[in-house]
Amino acid sequence: MEKHDNPKNEDRAKLETKALKAKRPGFTDERYNETSYYVENGLRKVYPYYFTFTTFTKGRWVGEKILEVFAREFRAHPAEEYERCIRAGTLTVNYQKVDVDYRLRHNDLLANVVHRHEVPVTSEPITVIHMDEDVVVVNKPASIPVHPCGRYRHNTVVFILAKEYNLKNLRTIHRLDRLTSGILLFGRTPKKARQMEHQIRNRQVHKQYVCRVEGEFPEEEVVCSEPIEVVSYKIGVCKISEKGKDCVTRFKRLSYNGKSSVVLCKPQTGRMHQIRVHLQYLGYPVVNDPLYNHVVFGPEKGKGGNIGKTDQELVRDLISIHNAENWLGMDGDSEMSLFKPKLDMEDRVSLSNDKDVASSPSSTPGLAEEEQQQQQQQQQQEQQSSKVTVGTQTGSEPPDSSFTNDKMTVDPHCYECKVKYRDPKPSDLVMYLHAWRYCGPGWEYETPLPAWAASDWAEEER
């Protein structure tokens, strides 16, 4: 097991910050190769690695001492830790080592080299549904974000496709929440991506989702046209509101098993969390939606739009219940994400003392909360033999079948290295919402239905 005080990895990470800024496409092979995967307990895990977080000086910081700014603005660590980083040269200004009394100037680029631990996701494979010279269409498993955000980078669809399928420089045409599985389209050329984005914006693309909701959904078609407002972009929460944007979803029950119903959803618009919020309003939330099927929205879980608290109170209560970044699924790609506060150390230690703590050296911080947001289903049914799979593509870099100690790095200054956290359970990686079929002018793609969508499916006791 390697130990690093100021390794070459750190120096290299400092120099790669500009590549980090190329959000799409343009990740370099060096970026892809900074770490690798292994599979353990049905989870895809990432070996910890060094990474550079960057941000430009904010106007309100100009003229202030760098240490005072970090001690006040970034409470993930105590001031002593930021002082150590500044003195050690891992927290730099314009890539230069500075003194702790350095006063920030306009446009100073702050860079912080950290030992990064990612969140595990399901090890279910991403399956290629269709591929030609213009597009790649995949069936996204539950729990995997589309692109780097928050505490996910290598454990994202775009990184996995690049590293294991050798499908690089893909252009994102649309997104699915990390909570949602199913159809995901990528353009292989800028022209094709723009064309399909235009089709989606102009509502030429018809989308069909399936979900499993609580209770007996009405037999007749239900149309919900309640406007949706974003309560907080920061933590990604929405609600029904007269001040919201117009949106329409059509629902049709497919089956009912005595406890829950499978519902076909046809969103006519593309608002954030639209299907989940409309189902919450109707009183039939997705069975295992960790956000909108929760009494934090009131005794009736937001049915009829009755929450009974202000937006500020709702956000406060959500954050007090769970780690906002990971449970609520912040998909934002904030430039501050590398510096921003995480859980207080006391919270982390209490988590680590849980009796379910796993022994894996890469068990990830905060998973007691993160698990709840991750979601979706082990829908990956066997694909028809005619379908293209990862294995037939490249076998570019298969993950280790088990943990390899030689690849594990430990940083003596990384507090996440010192605490072990429990793994998410399979049920924590599942939410019963699936993007089933997308069709547009002259094209149509669909996935197999997930197992939980079968009419005779019965959920195991949880």
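Visitor: Why is the crossing of H4 and H5 called right-handed?
Guide: A crossing gets that name if the near helix is turned clockwise from the far one by less than a right angle, and left-handed if anticlockwise; H4 and H5 cross in the right-handed way. By the way, this is a predicted model, where local features need pLDDT of at least 70, side-chain atom pairs need 80 or more, and totals for chains, interfaces and linings use all residues. Residues are numbered from 1 along each chain as its sequence is written, and side-chain values use heavy atoms, without hydrogens or water.

Visitor: What makes H4 and H5 oblique to each other?
Guide: Helix H4 (residues 66-73) and helix H5 (residues 79-88) pack at about 140°, with axes 9 Å apart. Angles under 35 degrees are roughly parallel, over 145 roughly antiparallel, 65 to 115 roughly perpendicular and the rest oblique, so H4 and H5 are oblique.

Visitor: Which residues in H4 and H5 meet?
Guide: Ile66, Leu67, Phe70 and Ala71 in H4 meet Ala79, Tyr82, Glu83 and Ile86 in H5 (contact means heavy atoms within 4.5 Å). Sorted by class, that makes 7 nonpolar, no polar and 1 charged residues.

Visitor: Why is the pair of tyrosine 49 and phenylalanine 51 edge-to-face?
Guide: Rings pair if their centres lie within 6.5 Å, and planes under 30 degrees apart are stacked, over 60 edge-to-face, the rest tilted. Here the centres are 6.3 Å apart and the planes sit at 90°, so edge-to-face it is. The structure holds 12 aromatic pairs, and Tyr49, Phe51 and Phe53 form one aromatic cluster.

Notes
Axes fitted to C-alpha atoms, helices over the stretch in contact; angles between N-to-C directions. Helix = DSSP H or I, 4+ residues; strand = E, 2+ residues; numbered from the N terminus. Nonpolar A, V, L, I, M, F, W, Y, C, P; charged D, E, K, R; others polar. Phe/Tyr/Trp six-rings, centres within 6.5 Å; stacked < 30°, edge-to-face > 60°.
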